[in-house]
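Subject: Structure for you to look at

Hello,

Here is the structure I said I would pass on.

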Amino acid sequence: MTRPPTVAATGRMRAWAELLRVSALASVPGDALAGAAAAGARPGRGTLWAIGASLCLYEAGMALNDWADRDEDAAERPHRPLPSGRITPAAALVASAALTATGLGLASRAGRPALTVATALATTVWAYDLGLKHTPAGPATMATARALDLLLGATATTHPQHRATQHRAFRALPAAALLGAHTYAVTAVSRHETHGGSTRTPLAALAVTLTVAGKLSTRTPPSPPPGPPAPRPHPALPFPNPGPHSVRSHLGRPHPGRPHLGSLLALAYARTPATLLLHAALNPSAALTERAVGGGIRATIPLQAALAARAGATGTALGLLGLVPLARALARKVSPT
């Protein structure tokens, strides 16, 4: 017979959940899936390794963030797990190092190119938490980390031994730039969420959000992948043979006359933080600024879905939307602080 967890054990589990920001984990898998879609590849085993690596590196960054900010949190957020004594600083640092090593190990299973991207991502995360977060380079560093996370999914999904397929990972760069731009805007606003007082930053973030949404609404026809040309259609066939290199045939295309799914998702993405950012600009209080940051974080999943839809991966986009209820459920159980 299994014994129920004790009150102390439950308290420790909740403290670790708060430290690792478990409530935000649902926003992580979409980076790899959107990267695979942007690269024109079907999600596979490599994508799963990339998702596992992303989750570990994300959690490593959360633990390291609180370890680096333990003195600041003691003065401004004494309820956090480290200043409250529920978790020791040494335990948080060890957890961050262990999660980083695990994430790199998982990325290595997807091939050397994926490990290279994951190493750059881990380096960026540690540099941000240990020094760059409180500098003008902070938002750009965080944006770089999120863009690298998407590229990790693109690189891990394509075949590491085939140049033709590996070259497709470069096609994910525009998607990574859009995700990075959104992350930059949210991070810039978050620098004012403790004290508020900024009108210009929320307005700039709103402009970035609307620009990204506009880009997402435009679906660029995919360029053919490198390699031998597809065979010409047989005279007796009414339609051309797609050939083995038509990697995007499974991703789906918008039906003539139907609204483009990417446009609808772009609208859903922009709607999530836009009103909150406008409120924060009109009344730059700490409370409204914090709500605007929360809206920007929640918009990550619709953004990932819109990126997948823009690449033609309708199934991936709809699957990512299924993570929204999970994100809400986790947020209710463990409120981010």
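Predicted model: local features only at pLDDT ≥ 70, side-chain atom pairs only at ≥ 80, totals over all residues.

Salt bridges

The count of salt bridges comes to 9.

Arg-146 has a relative accessibility of 15% and counts as buried, because the cut-off for buried is under 20%. Asp-31 is also buried, at 0% relative accessibility.

Another salt bridge joins Lys-133 and Asp-69, with 2.5 Å between the closest N and O atoms. This pair, too, links distant parts of the chain: Lys-133 sits in the loop between α6 (112-132) and α7, Asp-69 sits in the loop between α3 (45-68) and α4 (70-76), and the two are 64 residues apart. Lys-133 is buried, with a relative accessible area of 9%. For Asp-69 the relative accessible area is 9% as well, and Asp-69 is buried.

The last pair is Arg-77 and Glu-76, whose side chains meet in a salt bridge at 3.8 Å, N to O. Salt bridges with shared partners join Glu-72, Asp-73, Glu-76 and Arg-77 into one network. Is Glu-76 buried or partly exposed? Glu-76 is partly exposed, because its relative accessible area is 37% and that term covers values between 20% and 50%.

Two packed helices are described by the angle between their axes and the distance between the axes. Helix α12 (residues 286-298) packs with α11 at an angle of about 165°, and the axes of the two are 8 Å apart. An angle over 145 degrees counts as roughly antiparallel, and α11 and α12 are therefore roughly antiparallel to each other. Their crossing is left-handed.

Helix α11 covers residues 261-282 and contains Leu-278. Together with Leu-203 and Leu-282, Leu-278 forms a nonpolar patch on the surface, and the three have about 300 Å² of accessible area together. Leu-278 itself is partly exposed, at a relative accessible area of 38%.

A backbone angle to check

Arg-21 has a phi near 55°, which is a positive value in a residue other than glycine. Arg-21 is in the loop between α1 (7-19) and α2. With 14% relative accessibility, Arg-21 counts as buried.

Residue pairs separated in sequence

The remaining notes give C-alpha distances for some pairs of residues that are separated along the chain.

Thr-183 and Ile-297 are 114 residues apart in sequence, with 8.5 Å between their C-alpha atoms. Thr-183 is part of helix α9 and counts as buried at 10% relative accessibility.

Ala-188 is also found in helix α9, which covers residues 173-190. From Ala-188 to Gly-138 the separation is 50 residues in sequence and 8.1 Å in space, C-alpha to C-alpha. Ala-188 counts as buried, at 14% relative accessibility.

In helix α6 there is Leu-121, which is buried at 4% relative accessibility. The C-alpha atoms of Leu-121 and Ala-147 are 9.0 Å apart, and the two residues are 26 residues apart along the chain.

Ser-217 lies in a loop, the one between α10 (200-216) and α11. Between Ser-217 and Leu-265 there are 8.3 Å from C-alpha to C-alpha, and the pair is 48 residues apart in sequence. How exposed is Ser-217? At 32% relative accessibility, Ser-217 counts as partly exposed.

Regards

Note on methods. Residues numbered from 1 in each chain as written. Heavy atoms only, no water. Patch = residues over 30% accessible without salt bridge, like charges linked within 9 Å, V, L, I, M, F, W, Y side chains within 5 Å. Areas by Shrake-Rupley, 256 points an atom, 1.4 Å probe, with all protein chains shown as cover. Salt bridge = Lys/Arg side-chain N within 4 Å of Asp/Glu carboxyl O. Helix = DSSP H or I, 4+ residues; strand = E, 2+ residues; numbered from the N terminus. Buried < 20%, exposed > 50% of the residue type's maximum accessible area, 1.4 Å probe, protein only. Axes fitted to C-alpha atoms, helices over the stretch in contact; angles between N-to-C directions. Parallel < 35°, antiparallel > 145°, perpendicular 65-115°, else oblique. Left-handed = near helix turned anticlockwise from the far one by under 90°.
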